[in-house]
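Hi there,

Here is the structure I promised to pass on to you. Please open it alongside this message, and the notes below will walk you through what turned up.

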Amino acid sequence: MHVLLRKIFIHSGNRWQLLLAGFGFAVGFWLMLSSLQVYIQVQKLMTPPENAPQDVILSKKISLGDVLADAKAGFGEGDIRQLQAQPFVEQSVPFLSSQFEIWAYADGSIPFATEMFFEAIPDAFLDTIPDGWRWSPGNNFVPIILSRDFLNLYNFGYAPSKGLPKLPASMVGILRFKLKISGRGGSEVLRGKVVGFSERIPTILVPEEFLHWANDKYGTKASPPPTRLMTRLKAGTQAQAQQYFDMADIEVNQETMRLRYLADLGGVITGLIGVLGAAFLLLTVMLFMMNFRLILAEAKQEVDLLLYLGYRHTHLAQHLMYYFSIFLLIITFVVVGGGLYWFVKQLYHYLNTQTGIQVNPSIEPLVLLVGGITIVVILLINYLATLRLLQRSR
């Protein structure tokens, strides 16, 4: 019986249609799982835990009257104390700014020279703390965290206008340059390197310890009131905080909202791809059912013979599903173990090297769970359809 059923399943004239349906299943399965993988990772990147605070950058609104009156746009100590006393604020710290001249320059294949500025905030507010970020007096190396927006401005604005090459994030990370800091009649040349990128803090960051040391040694003027504050809001207080900021004429950076919009847009796109993949799967299930109908119709005599010999419909359906399960599992192994694994690794490599975004380099457990449930449902549907066809054959 096993040999006969195997011939019915494998050596039927409709096997090429079965292979075509299998190819369509592989494409739809890959699209559905890949889109789910991307959606989960995007949501993890863009959605903080429910009990997590939110960091925002605050600055004072500047009106035409402020400009004409030469009003200061900085936050005084009273402003900071008042803000810190608000029930929705967990912590608020000013951006520490450089008070000395900074020139960065490099030789070699990518020569450049530009004036710069540095800022610093406590490490607790950084996206991540990269390797080599620590600095102490006497260290000739200055680690830098560069805003991703600054790199985009260079690549798509400054570099084309000056005939300079574009720099991917991976190259910027290995580029070493010199920093000349000067003030109070003295100067010093240090080495600098970009050790990390920030997606949400639009500035050039250096360690607080370095900036305090450099301002004390080379600062040419008294520190003005800070113009920006890094503020950590307590979880679930964003609406309350926004009302206060509007009344106090304080602007909030819109980076978080922009990233949330991009995440939502990405979710729509991946959702559409997932729906397309699911549609492919639905079509292939119908093709599988049609192929089983044709296979059983062409092998009617063999099936009738087995039924007359006393084999039950359920027994025959189970054996046919055994071969179909092997066929489907081979496709699944190729899709998940090959195509999906390759896609995840390529996505991780691209985001990590080109954008600095860290994502999970492995397949998400939910993706594997959905894939497993999909296979079980398809097998169950085809088993029931095959059983019904066999029951109708007598």
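**The open sheet and its helices**

Strand β1, residues 54-60, pairs with β12 in the antiparallel sense, over three bridges. Within that pairing, K60 stands opposite I250 of β12. Please keep in mind as you look around that this is a predicted model.

The two strands belong to an open sheet of four strands, ordered β2-β11-β1-β12 with antiparallel pairing. At its edges are β2 (89-94) and β12 (250-252), each pairing on one side only. On average, neighbouring strands in this sheet are turned by 30° against each other, direction ignored.

Two helices to look for here are α4 and α8. Helix α4 (residues 77-84) packs on the sheet and touches β1, β2 and β11 (228-233), with its direction at about 160° to that of β2. Helix α8 (residues 238-247) also packs on the sheet, where it touches β1, β11 and β12; its direction makes about 140° with that of β12.

**Helix α7 and the cores**

Next, have a look at helix α7 (residues 208-218), where F210, L211, A214, N215 and Y218 are buried. Seen down the axis of α7, these buried residues fall within an arc of 125°, so they line one face of the helix. Among the elements covering them are β3 (96-97), β6, β7 (141-147), β8 (176-183) and β9 (186-198).

The largest nonpolar core has 30 residues, and F118, I144, L179 and F210 have the most contacts inside it. Elements giving two or more residues to this core are β4 (101-106), β7, α5 (148-162), α6 (169-172), β8, β9 and α7. Helix α7 gives the most, with four residues. As for F210, leaving aside residues up to four places away in sequence, it touches F118, W135, V142, I181 and L190. Apart from this core lies another, of 28 residues, among them F25, M32, I363 and V367.

The side chains of E119 and T203 are joined by a polar contact of 2.5 Å. Not counting residues up to four places away in sequence, the residues that E119 touches include F95, L96, S97, I204, L205, V206 and R228.

Enjoy exploring, and write back whenever you like.

Best wishes

Note on methods: Residues are numbered from 1 along each chain as its sequence is written. This is a predicted model: local features need pLDDT of at least 70, side-chain atom pairs count only at pLDDT 80 or more; totals for chains, interfaces and linings use all residues. Side-chain values use heavy atoms; hydrogens and water are left out. A polar contact is a pair of N or O atoms within 3.5 Å; within protein, one must be able to donate a hydrogen and the other to accept it, and residues adjacent in sequence count only if both atoms are side-chain atoms. Contact means heavy atoms within 4.5 Å. Buried means under 20% relative accessible area, exposed over 50%, partly exposed in between (1.4 Å probe, protein chains only). The arc is that of the directions from the helix axis to the C-beta atoms. A nonpolar core is a set of buried Ala, Val, Leu, Ile, Met, Phe, Trp, Tyr and Cys residues joined through side-chain atoms within 4.5 Å. Two strands pair if DSSP finds at least two bridges between them. Axes are lines fitted to C-alpha atoms, for helices over the stretch in contact, and angles run from 0 to 180 degrees between N-to-C directions.
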